[in-house]
Amino acid sequence: MSTTPSFTTSFRVDQSPEAAFAAIIDPRAWWSGAFEGSSDAIGAEFTYRYGDMHSSRQRVTEVVAGRRVAWLVVDAELNFVNDRTEWTGTTITFDIARVGAETEVTFTHIGLKPEVECYDTCSDAWTSLIQGSLKQLIETGTGVLPELAAPRATGE
């Protein structure tokens, strides 16, 4: 079992934990691509598809209003790596905390570690979504919905 930390990134905003929570549970407002299903209650499931490069199904496993959200990746297919299912069984978490007058959001994709093939491309995409679109949505009420860079082909 690897002890390498999973991918994580965080930011602070001048908004309430409740505002951050409301944005996080509404991925349609901050993700590019096709989204179907519900992401706001324990046991809910949703699917996400980005062109023909990525499709996944997540199950909401934890919802603590204003504090934490967790999604289990039930199925995934990444069409730009050899092991197309390397996200399957990983967990995506958002921890929300008041820090002084600000709210800190910490995103972690548990299982997305440097030794997995998609780490560089996937961590870049997450950084764009979390530090860009999600942060802007919390700050302004409108997400960026960035176009993600095409992943590098395997073996390059």
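Colleague: Leaving aside its neighbours within four places in sequence, which residues is Glu139 in contact with?

Modeller: Bearing in mind that this is a predicted model, Glu139 is in contact with Val13 and Gln15 once its neighbours within four places in sequence are set aside. Glu139 itself lies in helix 2, and its C-alpha atom is separated by 12 Å from that of Phe21, a residue 118 places away along the chain.

Colleague: Is Glu139 buried, partly exposed or exposed?

Modeller: Buried means under 20% relative accessible area and exposed means over 50%, so Glu139, with a relative accessible area of 40%, is partly exposed. Thr103, which lies in strand 7 (residues 102-110), is buried, with a value of 0%.

Colleague: What lies 2.4 Å from a polar atom of the side chain of Thr103?

Modeller: That is the backbone oxygen of Gln15, and Gln15 also belongs to the residues in contact with Thr103 beyond four places in sequence, among them Val13, Pro17, Ala20 and Ile96.

Colleague: How should I read the angle at which the axes of helix 1 and helix 2 cross?

Modeller: Angles over 145 degrees count as roughly antiparallel and those from 65 to 115 as roughly perpendicular, the range between them being oblique. Here the axes of helix 1 (residues 17-24) and helix 2 (residues 119-140) come within 9 Å and cross at roughly 130°, which makes helix 1 oblique to helix 2. The crossing is right-handed.

Colleague: Which residues make that contact?

Modeller: Helix 1 contributes Ala19, Ala20, Ala23 and Ile24, while helix 2 contributes Leu134, Leu137 and Ile138; these residues divide into seven nonpolar, no polar and no charged.

Key
Residues are numbered from 1 along each chain as its sequence is written. This is a predicted model: local features need pLDDT of at least 70, side-chain atom pairs count only at pLDDT 80 or more; totals for chains, interfaces and linings use all residues. Side-chain values use heavy atoms; hydrogens and water are left out. Axes are lines fitted to C-alpha atoms, for helices over the stretch in contact, and angles run from 0 to 180 degrees between N-to-C directions. Helices (H or I, at least four residues) and strands (E, at least two) are DSSP runs, numbered from the N terminus. Angles under 35 degrees count as roughly parallel, over 145 as roughly antiparallel, 65 to 115 as roughly perpendicular and the rest as oblique. A crossing is left-handed if the near helix is turned anticlockwise from the far one by less than a right angle, and right-handed if clockwise. Contact means heavy atoms within 4.5 Å. Ala, Val, Leu, Ile, Met, Phe, Trp, Tyr, Cys and Pro count as nonpolar, Asp, Glu, Lys and Arg as charged, and the others, Gly among them, as polar. Buried means under 20% relative accessible area, exposed over 50%, partly exposed in between (1.4 Å probe, protein chains only). A polar contact is a pair of N or O atoms within 3.5 Å; within protein, one must be able to donate a hydrogen and the other to accept it, and residues adjacent in sequence count only if both atoms are side-chain atoms.
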